Amino acid sequence: MNELGNISISSDVVATIAESVITEIEGIYSLAGSAPKNEITKFFQSVSSGGNKGIDVEVGETECTLDLYIIAKLGYQLPALAGEIQTKVVKAITEMTGLKVQEVNVYIQKVVKDNTDENVPKIPEPVEAVEEE
């Protein structure tokens, strides 16, 4: 509380800040469970869990704690990746909200290959025209 009144920051705000930081880190494939299969599932997830599946946040008056459930890309050093997540999330939340971040617990749930071109259709090679004599 300040002289003008109360300031309250919701757990959804903290989760959104954390999510925006996490998605910018190279080596992160996604948050665990953050990709719903269809719009109906997406709607019910957003209604039931605040829309930030893969992030659990507890917010007090001046501090917060986060549990992050991550799917990492294969080939990255996982302890270093988790440390980068912790450092960047703490910095962003502290700067944007003024909350003291007590803990950022990172749970790496899965490691996947990053085959981004796997779902991209292959373009056939152009056929050269043969000139007839």
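The exercises below work through a predicted model of one protein.

Residues are numbered from 1 along each chain as its sequence is written. In this predicted model local features need pLDDT of at least 70 and side-chain atom pairs count only at pLDDT 80 or more, while totals for chains, interfaces and linings use all residues; side-chain values use heavy atoms, with hydrogens and water left out.

**Exercise 1. Elements**

Task: State how many helices and strands the protein has, and in what order the elements run.

Solution: Helices (H or I, at least four residues) and strands (E, at least two) are DSSP runs, numbered from the N terminus. The protein has three helices and four strands. Starting at the N terminus, their order is α-β-α-β-β-α-β.

**Exercise 2. Strands E2 and E3**

Task: Find the sense in which E2 and E3 pair.

Solution: Two strands pair if DSSP finds at least two bridges between them. Strand E2 covers residues 55-59, and five bridges join E2 to E3 in the antiparallel sense. Three residues lie between E2 and E3 in this hairpin. Across the pairing, Asp56 is opposite Asp67 in E3.

**Exercise 3. The aromatic pair**

Task: Classify the one aromatic pair in the structure.

Solution: Rings of Phe, Tyr and Trp (its six-membered ring) pair if their centres lie within 6.5 Å; planes under 30 degrees apart count as stacked, over 60 as edge-to-face and the rest as tilted. The structure holds one such pair. Its members are Tyr69 and Tyr107, with 5.0 Å centre to centre and 15° between the planes, so the pair is stacked. Tyr69 sits in strand E3 (residues 63-73) and Tyr107 in strand E4 (residues 100-112), 38 residues apart, and the pair thus links distant parts of the chain.

Next comes accessibility. Buried means under 20% relative accessible area, exposed over 50%, and partly exposed in between (1.4 Å probe, protein chains only). Tyr69 is partly exposed because its relative accessibility is 24%. Tyr107, at 34%, is also partly exposed.

**Exercise 4. Thr97**

Task: Is Thr97 buried or exposed, and which residues does Thr97 contact?

Solution: Thr97 lies in helix H3 (residues 78-97). Its relative accessibility is 17%, so Thr97 counts as buried. Contact means heavy atoms within 4.5 Å. With neighbours within four places in sequence left aside, Thr97 is in contact with Ile9 and Ile17. The side chain of Thr97 also reaches the backbone oxygen of Ile93 at 2.5 Å, and a polar atom of that side chain lies 3.0 Å from the backbone nitrogen of Leu99.

Note on methods:
Polar contact = N/O pair within 3.5 Å; in protein donor to acceptor, adjacent residues only side chain to side chain.
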